[in-house]
Amino acid sequence: MEIKNTCLHDRHLSLGAKMAPFAGYDMPIEYEGLDAEHKAVRSTCGIFDVSHMGEIDIKGKEALRFVNHIFTNDAATLVDGQAAYGMMTAFDGGTVDDLLVYRRTADDFMLVINAANIEKDITWIRSQATGYDVEVRDRCADYGQLAIQGTDSEKIIKDVLGLDGSDLGFYTFKTLHDGTILSRTGYTGEDGFEVYAAPGVIVEMWDKLIAAGVTPCGLGCRDTLRFEAGLPLYGDELADDITPLEAGLGMFVKLDKPEGFIGSDALAKQKAEGLRRKLVGLEIDSPATARHGFELIDMDGATVGYITTGYNSITVGKNIAFALVKAPYGAVGTKLQVRIRRKLAPAKVIKKRFYTPNYKK
């Protein structure tokens, strides 16, 4: 498969970033180091190249109705300039992708999807649009995207980029005169902004932020930051064989929407019958990190689940993990064991949100 580059690829190389393939792109994993970048976001501010993410416009007279047809959350509750998080699910309730839905107007929405799923998602969305008066437009090539995250992000975008985000609440956005979109969502557990703009504009903004001394951050700390804040990653906590309910994301699944959505019948059935699996947090008594796929063993030696994400947490200072386990083992305080290489490490179930987010209220 051909590896693609974002509009900032040359900038990453010039900064000496450690690069690696991710979702079909050559992406920066770290610059100065994962710990330093993670701490910069938690304490001040960091910037991420997230231009690999996908953007899709849904426009037309039935745009709202169609978005609600493919989206687990309720887009009808949004007002212009507001965004929502949710999932697209298949007819069996499995997760096609998790995404953000931005409402410009009732006739005009932007969907922001995961880079690894762009082709799959566009094919899925177009296949479900038959019979709806909508246009599905791939905008991925039209946008680069920066994520500016951290306590000082509002001041930095104003002082360095001349962008005023003070009027934006959490999960709101605005479109500027040149078509640039400024939103306030985030994937780190900290206050922060996203800028969607033409690739050339994104390069100019990146250069200004770097010149001003803002810390460039790679995908390594993006993962550790989202994990500490209890946020899922598609491919780990969500997948085509993991439903949003199993992943503990039921608050983003509106089963009472009047017309339902694709997968709502299967999810309603799963909820009524009771979940067989659930995503939990774990604290692990081991110096070694539990990685994705490592087995979870009960005290009688039976396999009861597996690790989805694990890290020695930089902020919390503990060895912690997400795990998908059989439902009877999901209660807080349950004692389990993780098979790390050839050894069994003691573990106990804890709450999934390891770090209290500092979002804009």
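Reader: How many nonpolar, polar and charged residues are in the lining of the largest pocket?

Author: Ala, Val, Leu, Ile, Met, Phe, Trp, Tyr, Cys and Pro count as nonpolar, Asp, Glu, Lys and Arg as charged, and the others, Gly among them, as polar. A pocket is an open set of points on a 1 Å grid over the protein atoms alone where a 1.4 Å probe fits, with protein on both sides within 12 Å along at least five of seven lines, and its lining residues have an atom within 4 Å of a point. By class, the lining of the largest pocket has 29 nonpolar, ten polar and eight charged residues.

Reader: What pLDDT do local features need in this model?

Author: Residues are numbered from 1 along each chain as its sequence is written, and side-chain values use heavy atoms, with hydrogens and water left out. The model is predicted: totals for chains, interfaces and linings use all residues, side-chain atom pairs count only at pLDDT 80 or more, and local features need pLDDT of at least 70.

Reader: What is the volume of the largest pocket?

Author: A volume here is the space filled by probe spheres set on the grid points, which are joined across faces, edges and corners. For the largest pocket this comes to about 1,200 Å³.

Reader: Which element gives the most to the lining of the largest pocket?

Author: The lining has 47 residues, of which Y85, D98, Y187, L231 and P232 lie nearest the centre of the pocket. The elements that give two or more residues to it are β6, β7 (108-113), β9 (144-149), β12 (192-197) and α7 (219-228). These elements are DSSP runs numbered from the N terminus: helices are H or I with at least four residues, strands are E with at least two. With five residues, the element that gives the most is α7.

Reader: Which residues does R226 join in salt bridges?

Author: A salt bridge is a side-chain nitrogen of Lys or Arg within 4 Å of a carboxyl oxygen of Asp or Glu. D223 and R226 are three residues apart in helix α7, so about one helical turn separates them, and their side chains meet at 2.8 Å, N to O. R226 also forms a salt bridge with E237, with the closest N and O atoms 2.9 Å apart. The residues asked for are therefore D223 and E237.

Reader: How far apart in sequence are the parts that E237 and R226 tie together, and are the two residues buried or exposed?

Author: Buried means under 20% relative accessible area, exposed over 50%, and partly exposed in between (1.4 Å probe, protein chains only). E237 lies in the loop between α7 and α8 (264-273) and R226 in helix α7, so the parts tied together are eleven residues apart. R226 has a relative accessible area of 0% and E237 of 1%, so R226 is buried and E237 is buried.

Reader: How many residues apart in sequence are the parts that K318 and E283 tie together?

Author: The side chains of K318 and E283 meet in a salt bridge (3.6 Å, N to O). K318 is partly exposed at 39%, and E283 is partly exposed at 24%. K318 lies in the loop between β16 (303-312) and β17 (319-326) and E283 in strand β14 (residues 277-284), so the separation is 35 residues.

Reader: How many salt bridges does the structure hold?

Author: Some of them form a network that links D57, K59, R104, D108, R139 and D142. For the structure, the number is 22.

Reader: How many residues of strand β5 are buried?

Author: Strand β5 covers residues 82-89. The strand is largely enclosed by the rest of the structure, because the buried residues number seven of the eight.

Reader: Which residue in β6 is the bridge partner of M88?

Author: Two strands pair if DSSP finds at least two bridges between them. β5 and β6 (residues 95-105) run antiparallel and are joined by eight bridges. They form a hairpin with five residues between them, and G93 in the turn has a positive phi of about 90°. The partner of M88 in β6 is D97.

Reader: Which elements do the buried residues of α2 pack against?

Author: In helix α2 (residues 34-43), the buried residues include E37, H38, A40, V41 and R42. Contact means heavy atoms within 4.5 Å. The elements packed against are β2 (25-30), β3 (46-49), β9, β13 (215-217) and α7.

Reader: Where does A23 lie?

Author: A23 is not a glycine, yet has a positive phi of about 55°. At 28% relative accessibility, A23 is partly exposed. A23 lies in the loop between β1 (18-22) and β2.
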